[in-house]
Amino acid sequence: MDALEMTLLYDFYGELLTERQKMCFELYHDQDLSLAEIAQELKVSRQGVYDNLSRAEAILRNMEEKTGCVRRSLQTRRAVRTILAAVSGLMDSEDASIREQAEQIAAAVRTLEE
């Protein structure tokens, strides 16, 4: 699993982790520290950092497998971009009613981005 994917999982499910797991995750993934650097920072063993990080990543993956929230969010974002691209062509229509409907569709779809 790549770093972006892991960060998305953390954004969605990070609150399920213990404080120690959160610290290890953030230092490793966000601040790009090595296991040894994290161990020194937290005053624990390198193995302790590895165990916390492994458990945290397993929890995040497990939650995604069970709920699929990240997958659905990414699908929604792709669909929003596709719809907005399609509707932008209708906004150039000569017909005012088509332009108005296109603007309504675009406004409704943009609410999904929030």
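Predicted model: local features only at pLDDT ≥ 70, side-chain atom pairs only at ≥ 80, totals over all residues.
The protein chain has a mean pLDDT of 94, with 99% of its residues at 70 or more. Among its elements, helix α4 has the highest mean pLDDT (97), whereas helix α6 (residues 96-113) has the lowest (91).

**Contact of α1 with α4**

Helix α1 (residues 3-13) and helix α4 (residues 46-67) have axes that come within 9 Å and cross at roughly 75 degrees. Angles of 65 to 115 degrees count as roughly perpendicular, and α1 and α4 are therefore assigned to that class. On the α1 side the contact is made by Met 6, Leu 9, Tyr 10 and Tyr 13; α4 contributes Glu 57, Leu 60, Arg 61, Met 63, Glu 64 and Thr 67. Of these contact residues, six are nonpolar, three are charged and one is polar.

**Aromatic pairs**

The count of aromatic pairs is two. In one of them, the rings of Tyr 10 and Phe 25 have centres 4.4 Å apart and planes at 10 degrees, so the pair is stacked. This pair links distant parts of the chain, since Tyr 10 lies in helix α1 and Phe 25 in helix α2 (residues 19-30), 15 residues apart. The rings of Phe 12 and Tyr 13 form a tilted pair, because their planes stand at 50 degrees, with centres 6.1 Å apart.

| Residue | Relative accessibility | Class |
|---|---|---|
| Tyr 10 | 12% | buried |
| Phe 25 | 0% | buried |
| Phe 12 | 38% | partly exposed |
| Tyr 13 | 5% | buried |

Tyr 10 and Tyr 13 also belong to the contact of α1 with α4.

Conventions: Residues numbered from 1 in each chain as written. Heavy atoms only, no water. Axes fitted to C-alpha atoms, helices over the stretch in contact; angles between N-to-C directions. Helix = DSSP H or I, 4+ residues; strand = E, 2+ residues; numbered from the N terminus. Parallel < 35°, antiparallel > 145°, perpendicular 65-115°, else oblique. Contact = heavy atoms within 4.5 Å. Nonpolar A, V, L, I, M, F, W, Y, C, P; charged D, E, K, R; others polar. pLDDT = per-residue confidence, 0-100. Phe/Tyr/Trp six-rings, centres within 6.5 Å; stacked < 30°, edge-to-face > 60°. Buried < 20%, exposed > 50% of the residue type's maximum accessible area, 1.4 Å probe, protein only.
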